[in-house]
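Hello,

Here is the structure I promised to pass on to you. Have a look at it first, and then read on for what turned up.

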Amino acid sequence: MLDNKNPLARPKRIEGLSDYLNADEAQLRVGRLHSSVLMDPGKALPFFKTFKEYYPASPHADTAESLGKVIEKNMDDDPAALLAYLKAEELRVAGKGQEAKGALEALVKGSPGHPLSALAWMKIGDIQFYDEKNTDGALESYEKACSGDTNEETCKAYYQMAECHRVQKQWKKAVESYGQYLMESGSKFRVDFAKFFMASCHEHLGHWDEACTSYEMVADMAKSYYKEKARERLVEIRRHQQAGTLHLLEKTLEVREAEA
């Protein structure tokens, strides 16, 4: 059991959970149980607020931090809406996407003006985009998520809208949405992804200078998943620019998309 007096204490054994769970996964699971299944967000808050400090390298650290912010911001507003959102999140994480979607849709219908409704639309869009592969439906949901006052979380809807447009090969719309995300975002969430894919969309549009500018930004980043790929694309474009064979590069892009 966990030491409630010390939320950073490493869990020894958790009732009903596998002993093979990693400590960080078990800690997060306990927080989720307290916040949704046990319907006690206040008890879960210390777990989420201290999780990143105790498990800085955990892949769950950002999730825990995000949930902590949601709980802290909405605890005193509408407890019923908060619990509905947390329960839907628990269903979504458990792989019950359609049940989670139904719960989130009920939340936005019952509390349309609640601050959590924007986040709910974000999650609905994620289910439509990732699980259902329904980019049109996801776009509508993401647009609703960022239709009001945007914040660090809902601003991610611009990034997801760009992803939808990119999947649909709507290159110009994708560039606009990535640009909107980069302009509005105050966080570093997938900034390198946004710049890399924006550059790729510029390539498809034949905007070679704009593509090079974005690839340079990613290549110059101290740390980025796409750092090397950005350098490779930059070298390729410049080679074709010098040789005057950009039309061949356009054909390569067409073939690459056809094979994807």
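What share of the 260 residues in the chain is buried? The answer is 46%. Please keep in mind that this is a predicted model.

**The overall picture**

Along the principal axes, the C-alpha atoms fill a box of roughly 70 × 40 × 30 Å. Looking at the contacts in the chain with a separation of 6 or more, 48% of them are between residues 24 or more positions apart.

**Helix α2 and its neighbours**

Helix α2 covers residues 41-54, which is 14 residues. From its first C-alpha to its last it reaches 20 Å, close to the 20 Å expected at 1.5 Å a residue. Its buried residues are Pro 41, Ala 44, Leu 45, Phe 47, Phe 48, Thr 50 and Phe 51. As a general point, an α-helix has 3.6 residues a turn, so residues three or four places apart point the same way. Which helices do the buried residues of α2 pack against? They pack against α1 (23-37), α3 (61-74) and α4 (79-93).

The pairing with α3 can be described in some detail. The axes of α2 and α3 come within 8 Å and cross at roughly 140°. Because of that angle, α2 counts as oblique to α3. The crossing of the two helices, α2 and α3, is left-handed. On the α2 side, the contact is made by Pro 41, Leu 45, Phe 48, Lys 49, Phe 51 and Lys 52. On the α3 side, Ala 61, Asp 62, Ala 64, Glu 65, Leu 67, Gly 68, Ile 71 and Glu 72 take part. Sorted by class, the residues of this contact between α2 and α3 are eight nonpolar, one polar and five charged.

One more residue of α2 is Glu 53. Glu 53 is exposed, with a relative accessible area of 60%.

**Helices α4 and α5**

How do α4 and α5 (residues 97-110) meet, and at what angle do their axes cross? The axes come within 8 Å and cross at roughly 160°, and α4 and α5 are therefore roughly antiparallel to each other. The crossing of α4 and α5 is left-handed. From α4, the contact uses Ala 81, Ala 84, Tyr 85, Ala 88, Leu 91 and Arg 92. From α5, it uses Glu 99, Ala 100, Ala 103, Leu 104 and Leu 107. The contact of α4 with α5 has nine nonpolar, no polar and two charged residues.

**Two buried glutamates**

Glu 163 sits in helix α8. Glu 163 is also buried, at 9% relative accessibility. Which residues is Glu 163 in contact with, leaving aside its neighbours within four places in sequence? They are Phe 129, Tyr 178 and Phe 197.

**Two lysines in loops**

Lys 133 has a positive phi of about 55° although it is not a glycine. You will find Lys 133 in the loop between α6 (115-131) and α7 (135-145). Lys 133 counts as exposed because its relative accessibility is 63%.

Lys 169 also has a positive phi, near 65°, and is a residue other than glycine. Lys 169 is in the loop between α8 (156-167) and α9 (171-184). With a relative accessible area of 42%, Lys 169 is partly exposed.

How values were computed. Residues are numbered from 1 along each chain as its sequence is written. This is a predicted model: local features need pLDDT of at least 70, side-chain atom pairs count only at pLDDT 80 or more; totals for chains, interfaces and linings use all residues. Side-chain values use heavy atoms; hydrogens and water are left out. Helices (H or I, at least four residues) and strands (E, at least two) are DSSP runs, numbered from the N terminus. The expected span of a helix is 1.5 Å times one less than its number of residues. Buried means under 20% relative accessible area, exposed over 50%, partly exposed in between (1.4 Å probe, protein chains only). Contact means heavy atoms within 4.5 Å. Axes are lines fitted to C-alpha atoms, for helices over the stretch in contact, and angles run from 0 to 180 degrees between N-to-C directions. Angles under 35 degrees count as roughly parallel, over 145 as roughly antiparallel, 65 to 115 as roughly perpendicular and the rest as oblique. A crossing is left-handed if the near helix is turned anticlockwise from the far one by less than a right angle, and right-handed if clockwise. Ala, Val, Leu, Ile, Met, Phe, Trp, Tyr, Cys and Pro count as nonpolar, Asp, Glu, Lys and Arg as charged, and the others, Gly among them, as polar.
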